[in-house]
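Okay, thanks everyone for coming. I'd like to walk you through one model today, going from a loop to the helix packing and then to the aromatic rings. Let me put it up on the screen.

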Amino acid sequence: MLRFIVQFLVTCFGLWLSSRVVDGVDFLSNGSLLAAALLLGIANAVVRPILTFVTFPLTIITFGLFLLVVNAAMIGLVASLLGGFVVDGLWAGIGAAVVTGIVSWIAGWFIGEDPKRAAAT
């Protein structure tokens, strides 16, 4: 449960930072930022694996770069479902995906690996 909360906070920070750094990404309130992070977590858990599987050949052809488009699509999906979260176009979504991904990668580096996953391998 603690790991879920930390991941939620990291996603909140990544989305907040992307709204500050990337033109075309904006939140109308702090509540919409929290809702966007929660919806993004749900979309990444449910929709992203299906979309990644369907687009696997394109991902192979582009040497994995198409995953940026998949991540941007998840952010765009959340923005279309949530009124207080605005993403203006594909490039803004890709920029937000890159910023959020870098923040998650850095946080994962500091937090470390899940002990349950490490024991399973």
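So, let's start with F63, which sits in the loop between helix 3 (56-61) and helix 4 (66-81). When I say helix or strand, I mean DSSP runs numbered from the N terminus: H or I with at least four residues for helices, E with at least two for strands. Before I go on, the housekeeping: this is a predicted model, so local features need pLDDT of at least 70 and side-chain atom pairs count only at pLDDT 80 or more, while totals for chains, interfaces and linings use all residues. Residues are numbered from 1 along each chain as its sequence is written, and side-chain values use heavy atoms, with hydrogens and water left out.

Back to F63. Its phi is near 55 degrees, a positive value in a residue other than glycine. And is F63 buried or exposed? Exposed, because its relative accessibility is 78%. The cut-offs there are under 20% relative accessible area for buried, over 50% for exposed, and partly exposed in between, with a 1.4 Å probe and protein chains only.

Next, the packing of helix 1 and helix 2. Quick reminder: two packed helices are described by the angle between their axes and the distance between the axes. Helix 1 covers residues 2-21, and against helix 2 the angle is about 120 degrees, with the axes 9 Å apart. The axes are lines fitted to C-alpha atoms, for helices over the stretch in contact, and the angles run from 0 to 180 degrees between N-to-C directions. So helix 1 and helix 2 are oblique to each other. On that scale, under 35 degrees is roughly parallel, over 145 roughly antiparallel, 65 to 115 roughly perpendicular, and the rest oblique.

Who makes that contact? From helix 1 we have F4, F8, T11, C12, L15 and W16, and from helix 2 there's L33, L34, A36, A37, L38 and L40. Contact here means heavy atoms within 4.5 Å. Sorted by class, that's 11 nonpolar residues, 1 polar and no charged ones. For the classes, Ala, Val, Leu, Ile, Met, Phe, Trp, Tyr, Cys and Pro count as nonpolar, Asp, Glu, Lys and Arg as charged, and the others, Gly among them, as polar.

Let me zoom in on two of those residues. T11, in helix 1, is buried because its relative accessible area is 10%. Setting aside neighbours within four places in sequence, T11 is in contact with A37 and L40. Then there's L38, in helix 2 (residues 30-54). L38 comes out as partly exposed, at a relative accessible area of 43%. L38 and F8 are 30 residues apart along the chain, and their C-alpha atoms are separated by 6.8 Å.

While we're on these helices, have a look at S19, also placed in helix 1. S19 counts as buried at 12% relative accessibility, and leaving aside neighbours within four places in sequence, S19 is in contact with V25, D26 and F27. Over in helix 2 there's L51, partly exposed at 29%. Not counting residues up to four places away in sequence, L51 touches V70, A73 and M74.

Now the other helix pair. Helix 4 and helix 5 (residues 90-111) pack at about 100 degrees, with their axes 8 Å apart. That makes helix 4 roughly perpendicular to helix 5. Helix 4 brings L68, V69, N71, A72 and I75 to the contact, and helix 5 brings L90, G93, I94, A96, A97 and V98. That divides into 9 nonpolar, 2 polar and no charged residues.

How many aromatic pairs does the structure hold? There are 3. One of them is F27 with F85, where the ring centres are 4.5 Å apart and the planes are at 5 degrees, so that pair is stacked. Rings of Phe, Tyr and Trp (its six-membered ring) pair if their centres lie within 6.5 Å, and planes under 30 degrees apart count as stacked, over 60 as edge-to-face, and the rest as tilted. F27 is in strand 1 (residues 25-27) and F85 in strand 2 (residues 85-87), so to speak a link between distant parts of the chain, 58 residues apart. Both F27 and F85 are buried.

Then there's W109 with F110: centres 5.0 Å apart, planes at 75 degrees, so edge-to-face. W109 is exposed at 65% relative accessibility, and F110 is exposed too, at 64% relative accessible area.

Okay, that's my tour. Happy to take questions.
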